[in-house]
Amino acid sequence: MLTRRHALILAGGAVMCSVRPGHAAPSLAPVPLVMAHRGASALRPEHTLASYAKAIADGADYIEPDLVPTSDGVLVARHESNIAGTSDVADHPEFASRKRTIVIDGVSETGWFTTDFTLKELKTLRARERLPAVRAHNTRYDGHFDIPTFEEVIDFVAAEAAARGRVIGLIPEIKNSTHFHKLGQTPEETFLQVIGAHEYTRYCPLEVQSFETTNLKMLYGRVKAINPQARLMFLMGERTQRVPDLVASGHGATFGDLMTPAALRDVRQYADVIGPSNVDIIPRDGAGAWLAPSSLIEDAHRAGLLVHSYTFRPENCFLPLQLRNAMGDNARNPEGSIAEIRRYLDLGLDGFFTDDPALGRQAVRM
């Protein structure tokens, strides 16, 4: 019997994807999906074409470009608007005066922000490793790559798909929507224009993410009108964290409030998938040890939602206490990472973000 959950899995994997000449026919099995978190960010600086290339080579089903706008409204791939930690902007004296402190979704940040730069100016910068203390091996690539636009990412993925003969999904996140709207930006409209203008994004597996509800409700029908197989994912922050757009509209709802069975049924009206953190599925104690799993995956499935969680990272410092080895906090622990992913898959997880897609692929194949 084909359950609603399996129908959703099939609808979002390669099954619904129109098979283009030269591409492999899709599998009918509801295999958990491997999402490359900012590319293969454990092995290359995040949100660079090199990181996406490594992720694709390592077998990722989807690659993730987080999207933020420039001052001239172009969407670029950065995890956040603040580029202080992911570029060499601090080494450019011509931009020293643009360093400032602003508040984004209630959090004060100091640095340089994409909305203060034109695309032409951003293209003079080079990407850097965001976690140099943990991923020192990635710093050898500092300065090698620029900041790609969303359109450049689409073209790159389309080219890789054509070269490899398999369809590769895109799972973009529209970041900080409420904040950017206050600045006069319209990232959703730009996003729709971009995916509508590219043949690849009109048929490839596409899953659109946001931590906000308002833009998902606006995008739901419009994205599917461009790409009928597309899905929308409601990303979920910590249970006590308030939902940014609801705060802006005068409501105090937390992400935890939206994780109840009744609330999940409402979420299903504007999303096909929820994206909780791994610790919302299996909480940890103060020492980082696993506690008993929550019922979130089961509750979401009953509401007709898939669950794609974030983020599996291969270093000891990110693993639950039970799976860490004695090699040090920043050491890679592939066996521990695979074991962690396997436990979540055993709970019924439908897909997951990982900084190391090769390990994610190994876990799925076991």
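Is R38 buried or exposed? R38 is buried, with a relative accessible area of 5%. Buried here means under 20% relative accessible area, exposed means over 50%, and partly exposed lies in between, all with a 1.4 Å probe and protein chains only.

This is a predicted model, in which local features need pLDDT of at least 70, side-chain atom pairs count only at pLDDT 80 or more, and totals for chains, interfaces and linings use all residues. Residues are numbered from 1 along each chain as its sequence is written, and side-chain values use heavy atoms, with hydrogens and water left out.

Stay with the backbone for a moment. R38 sits in the loop between β1 (33-36) and α2. Its phi is near 60°, a positive value in a residue other than glycine. N176 has a positive phi too, near 45°. This residue lies in the loop between β8 and α5. Most residues other than glycine have a negative phi, and most peptide bonds are trans. The peptide bond from Y310 to T311 is cis, with omega near -15°. T311 belongs to strand β12. Helices (H or I, at least four residues) and strands (E, at least two) are DSSP runs, numbered from the N terminus.

Now take helix α4, residues 150-164. Its 15 residues reach 21 Å from first C-alpha to last, close to the 21 Å expected at 1.5 Å a residue. That expected span is 1.5 Å times one less than the number of residues. Buried in α4 are F150, V153, I154, F156, V157, E160 and A161. They cover an arc of only 165° around the axis, which puts them on the same side of α4. The arc is taken from the directions from the helix axis to the C-beta atoms. A162 and A163, on the other side of α4, are exposed. The buried residues pack against several elements, including α2 (49-57), β3 (66-69) and α6 (187-197). Just after α4, G165 takes a positive phi of about 70°.

Next, helix α7. M218 lies in this helix, which spans residues 214-226. M218 is partly exposed, with a relative accessible area of 31%. Leaving aside neighbours within four places in sequence, M218 is in contact with E188 and E189. Contact means heavy atoms within 4.5 Å. M218 and Y270 are 52 residues apart in sequence, yet 8.6 Å apart in space, C-alpha to C-alpha.

Finally, the open and closed spaces. On a 1 Å grid over the protein atoms alone, a cavity is a set of points where a 1.4 Å probe fits but cannot get out; a pocket is an open set with protein on both sides within 12 Å along at least five of seven lines; lining residues have an atom within 4 Å of a point. Grid points are joined across faces, edges and corners, and a volume is the space filled by probe spheres set on the points.

The largest pocket has a volume of about 1,300 Å³. It is lined by 46 residues, of which H79, F211, G237, Q241 and Y310 lie nearest its centre. Elements giving two or more residues to this lining include β5 (100-104), α5 (177-182) and β12 (306-312).

The structure holds one cavity of 30 Å³ or more. The largest cavity has a volume of about 30 Å³. S41, E46, E129, R130, L131 and R135 line this cavity.
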